[in-house]
Amino acid sequence: VRQGLIGVGLINVEDRSGLLTLDKDYNNIGKFLNRILGMEVHQQNALFQYFSDTLSAVIQNAKKNGRYDMGILGKSLVFYCPNEKFIPGAGHRLQGCWE
């Protein structure tokens, strides 16, 4: 997976020292998702398995320590915007929501 991340430019290798560093936009999720599409499928699968395993471990640890909160569960999905409320399927558009 490391070679795949280097190959798509998410991890950089310093010329002189060989030190591995993250890309300057390492926290840009859109860029991350687009870049991993350039990795081989088995590398993508291994990366997502790592994320899945890590998330499961974090949740299990939080449950064990009494810090796990499932949040608010409901029957409908609702997005809140600074100026309006959007309920998918209600025919309402998000225009102006994040402007």
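Is tyrosine 50 buried or exposed? Tyrosine 50 is exposed, with a relative accessible area of 53%. Exposed means over 50% relative accessible area, buried under 20%, and partly exposed in between, with a 1.4 Å probe and protein chains only.

Before I go on, the conventions. This is a predicted model, so to speak of local features we need pLDDT of at least 70, side-chain atom pairs count only at pLDDT 80 or more, and totals for chains, interfaces and linings use all residues. Residues are numbered from 1 along each chain as its sequence is written, and side-chain values use heavy atoms, with hydrogens and water left out.

Tyrosine 50 sits in helix H3; helices are DSSP runs of H or I with at least four residues, numbered from the N terminus. Together with Ile29, Leu33, Phe48 and Phe51, Tyr50 makes a nonpolar surface patch of about 520 Å². Helix H2 (29–36) and helix H3 (41–64) are the elements that give two or more residues to that patch. H3 has the largest share, three residues.

Now to lysine 31, also in a helix: H2. Lysine 31 counts as buried, at 18% relative accessibility. Neighbours within four places in sequence aside, lysine 31 is in contact (heavy atoms within 4.5 Å) with Asp23 and Asp25.

The largest nonpolar core has eight residues: Leu5, Val8, Leu10, Ile11, Phe32, Ile36, Met39 and Leu47. A nonpolar core here is a set of buried Ala, Val, Leu, Ile, Met, Phe, Trp, Tyr and Cys residues joined through side-chain atoms within 4.5 Å.

Note on methods. Patches are made of residues with over 30% relative accessible area and no salt bridge: like charges are joined within 9 Å, nonpolar side chains (Val, Leu, Ile, Met, Phe, Trp, Tyr) within 5 Å. Accessible areas come from the Shrake-Rupley method with a 1.4 Å probe; for residues, only the protein chains shown count as cover. A salt bridge is a side-chain nitrogen of Lys or Arg within 4 Å of a carboxyl oxygen of Asp or Glu.
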